[in-house]
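Please open the structure in a viewer and keep the sequence alongside. The stops below each name a selection and then describe what is found there.

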Amino acid sequence: MKLLKFGAEWCGPCKTMIKVVEKALDKFPSLEFEDIDVEDNIKLTEQYNIKNVPTFVIIDGDNEVARISGSLTQNKFEEWLQSNV
């Protein structure tokens with residue numbers, strides 16, 4: 001499984017979420033991670049129909065498992081991962 005983070009350089013909440021994601025990934029070592037800048041990766045942004053940043057998408061192969069948007073607390077983000085990974 002892979003966690004995709006869609007964000008942008010100018011996005012404050014995206015920057016805030018970096019530490020949350022890094023800390024959470026320590027608890028989910030088998031989860032791959034890819035940080036995607038929506039302005040540099042328009043094709044992927046359109047493919048996943050991203051309308052807000054940050055948006056997090058969990059995929060399994062080519063299938064979307066779950067998505068969530070916005071700035072989240074550490075606990076909320078980890079709970080979301082736990083229930084979807």
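**Stop 1: Ile 36**

Select Ile 36 and display its contacts (heavy atoms within 4.5 Å): leaving aside residues up to four places away in sequence, Ile 36 touches Leu 4, Lys 5, Phe 6, Gly 7, Asn 41 and Leu 44. The model is a predicted one, in which local features need pLDDT of at least 70 and side-chain atom pairs count only at pLDDT 80 or more, while totals for chains, interfaces and linings use all residues. Numbering starts from 1 along each chain as its sequence is written, and side-chain values use heavy atoms, with hydrogens and water left out.

Ile 36 belongs to strand β2; helices (H or I, at least four residues) and strands (E, at least two) are DSSP runs, numbered from the N terminus. The relative accessibility of Ile 36 is 1%, so this residue counts as buried. Buried means under 20% relative accessible area, exposed over 50%, and partly exposed in between, with a 1.4 Å probe and protein chains only.

**Stop 2**

Next, show the strands as a cartoon. An open sheet of 4 strands runs in the order β2-β1-β3-β4, with mixed pairing; two strands pair if DSSP finds at least two bridges between them. At the edges are β2 (32-37) and β4 (63-69), each pairing on one side only. From one strand to the next, the twist averages 20°.

Now select β1 (residues 2-7) and β3 (residues 55-60), which pair in the antiparallel sense over 5 bridges. Opposite Lys 5 stands Phe 56 in β3. Helix α1 (residues 12-27) packs on the sheet and touches β1, β2 and β3; the direction of α1 makes about 170° with that of β1. Axes here are lines fitted to C-alpha atoms, for helices over the stretch in contact, and angles run from 0 to 180 degrees between N-to-C directions.

**Stop 3: helix α3**

Which residues of helix α3 (residues 74-84) are buried? They are Gln 74, Phe 77, Glu 78, Trp 80 and Leu 81. These cover an arc of only 155° around the axis, which puts them on the same side of α3; the arc is that of the directions from the helix axis to the C-beta atoms. Their cover includes β1, α1, β3 and β4.
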